[in-house]
Structures are given as C-alpha cells and as structure tokens.
Amino acid sequence: MSSIKIECVLPENCRCGESPVWEEASDSLLFVDIPAKKLCRWDSLTKQVQRVTMDAPVSSVALRQSGGYVATIGTKFCALNWEEQSAVVLATVDNDKKNNRFNDGKVDPAGRYFAANRRSVYKLEKEEQIPDGMCIDAEGKLWVACYNGGRVIRLDPVTGKRLQTVKLPVDKTTSCCFGGKNYSEMYVTCARDGMDPEGLLRQPEAGGIFKITGLGVKGIAPYSYAG
C-alpha cells in the first residue's frame, strides 16, 4: 500500500462543510456549508473556489445529467444554474413544519435524488462517535466519516468488519468522496461550529477541505440526477 498523505487543500473555515461531490468534467469539488447557506466549487487545477449564497441552509448538492446541479435548500429540491447563480424550485416538502429543513441528500444508481430530514444514528465504537457522510469505493467497501471522531474508516458492508482507519487533524469530520485522477483521491469535509476558542487554536484547519492520497484503493464516479 502506498504511503498515505493528508493535506488541507482549502482552508475554507466551513461552519459545517458537507456533501462533497467530484465533478470530473471540470476537475472540481462541489460541497456545501449548511448553516452559512453556501454552495461552493473548488477548482483543483487553479485552486480557486467559487461560492454562491442561497436564502436557506443548503444541505446537499449533486450533479445533473442534463447539466448544472441540483441541491436541497431548506425544504426544497432545487435546480441550479451556476453561471447565473440562480435556483429553480423543483419540489417543496413539509410546508406546514416550521424550522424544518433537509439534513442530507444523495443520488442513487437509478438517477433519483433522495433526501431526508432526519438521519438514523448508530454507534460504531465508543471512540468513533457518530457516523456521518459516507461513500463507496471501487471494491464495494464503505467509507464513513466519523463526526467528533476525527477519522474516516473503511468497512466491509457485508461483515461489518473495519478494514482501515485514517485519522485527520480535525475532530468534526462530516463526509467524504472520491475524486481526482481515476478517482484515486479522497476528499473529506469537516465542521468548526461548536468548537471553543481553545479547540480552534489546537485545530486551526477545522472547517477546511482535506485531500487524502495513497489509500491504495479507488472510488467510483458519483451518480447524476436524471430529472
């Protein structure tokens, strides 16, 4: 196995970074900052980041087969035109529930965009805290970012056995995805909300975007919304 390297490629200071998605066509990483109501796109070639601020918390973003992106904003499924920095509502749910919002979203292999308001939480091991965002590698194994655990772990989804652990220099790891050339790199989002000043001094890269190389395994391309 290659030597694993971890680096903060974007010191974004996300309050709660989430939903990393690799866009192969532009060599870019999409992600959101939920409480900051931001959608972001980081160009891995130019190292520049573009940000679009919406009118409600943005909990997930995904590619769209017909072009552009889709996102869950507040309690709405929206289509995004990045160039015009505009959003068109595709559907709205839970109009009668105040202070509600989507929590996460993902496109399945059939091209359907699923989102949920609440997530079932289960415990892996005491020191790993709360499982959060996940992705699958080319061998069908599951990678899980452990919130408050400062790590991503690789699991066999059939046996539940932990196969690998990669620790990061930040505690609040939130999600992960594969990207880069041949999907050989892993990108990890994290959060800084809820950290006290001392914690932020100890973890100055909290809220940044991390890249992990040398894992010895590749990922698969993200699915795109078919609507």
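Two strands are counted as paired if DSSP finds at least two bridges between them, and the strands themselves are DSSP runs (E) of at least two residues, numbered from the N terminus. The legends below describe a predicted model, in which local features need pLDDT of at least 70 and side-chain atom pairs count only at pLDDT 80 or more, while totals for chains, interfaces and linings use all residues. Residues are numbered from 1 along each chain as its sequence is written, and side-chain values use heavy atoms, with hydrogens and water left out.

**View A. Strands β6, β7, β8 and β9 make up an open, antiparallel sheet**. In this predicted model the four strands follow the order β6-β7-β8-β9, and the edge strands, each pairing on one side only, are β6 (58–63) and β9 (86–92). Neighbouring strands of this sheet are turned against each other by 25 degrees on average, direction ignored; the axes behind such values are lines fitted to C-alpha atoms, and angles between N-to-C directions run from 0 to 180 degrees. Five bridges connect β6 with strand β7 (residues 69–73) in the antiparallel sense, and Ser-60 has Thr-72 as its bridge partner in β7.

**View B. A second open sheet is built from β1, β18, β17 and β16**. These four strands are arranged in the order β1-β18-β17-β16, with antiparallel pairing, and the edges are formed by β1 (5–10) and β16 (173–179), each of which pairs on one side only. Here, too, neighbouring strands are turned by 25 degrees against each other on average, direction ignored. Within the sheet, strand β17 (residues 185–190) and strand β18 (residues 209–213) run antiparallel and are joined by three bridges, and Met-186 has its bridge partner in β18 at Ile-212.

**View C. Strands β3 and β4 pair with each other**, **and β4 also pairs with β5**. β3 and strand β4 (residues 38–43) are antiparallel and share six bridges, with Asp-33 standing opposite Lys-38 of β4. The hairpin of these two strands has four residues between them, and there Lys-37 takes a positive phi near 60 degrees. On β4, Leu-39 stands opposite Val-52 in β5, as part of an antiparallel pairing in which β4 and strand β5 (residues 49–53) are connected over five bridges. The hairpin of β4 and β5 has five residues between the strands, and Lys-47 takes a positive phi near 65 degrees in it.

**View D. Ser-28 is a buried residue of strand β3**. Ser-28 is found in β3 (residues 28–33) and has a relative accessible area of 2%, where buried means under 20%, exposed means over 50% and partly exposed lies in between (1.4 Å probe, protein chains only). A polar atom of the Ser-28 side chain lies 3.0 Å from the backbone oxygen of Ser-26. Leaving aside residues up to four places away in sequence, Ser-28 touches Val-21, Trp-22, Glu-23, Arg-41, Trp-42, Asp-43 and Ser-44, contact meaning heavy atoms within 4.5 Å.

View E. Apart from residues up to four places away in sequence, Lys-106 touches Arg-112, Tyr-113, Phe-114 and Met-134, and a polar atom of the Lys-106 side chain lies 3.1 Å from the backbone oxygen of Met-134.

**View F. Asp-132 carries an active-site annotation**. The annotation "active site" comes from an unreviewed UniProt entry and covers Asp-132; such annotations may be inferred rather than shown by experiment. Asp-132 lies in strand β12 (residues 130–136) and, at 10% relative accessibility, counts as buried.

**View G. The structure holds zero disulfides**. A disulfide is a covalent bond between the sulfur atoms of two cysteines, and the cut-off applied here is a pair of cysteine sulfur atoms within 2.5 Å. The sulfur of Cys-16 has its closest cysteine sulfur in Cys-14 at 8.4 Å, too far for a bond, and Cys-16 is buried, with a relative accessible area of 19%. For Cys-190 the closest cysteine sulfur is that of Cys-8, 7.2 Å away and likewise too far for a bond, and Cys-190 counts as buried at 1% relative accessibility.

Key:
A polar contact is a pair of N or O atoms within 3.5 Å; within protein, one must be able to donate a hydrogen and the other to accept it, and residues adjacent in sequence count only if both atoms are side-chain atoms.
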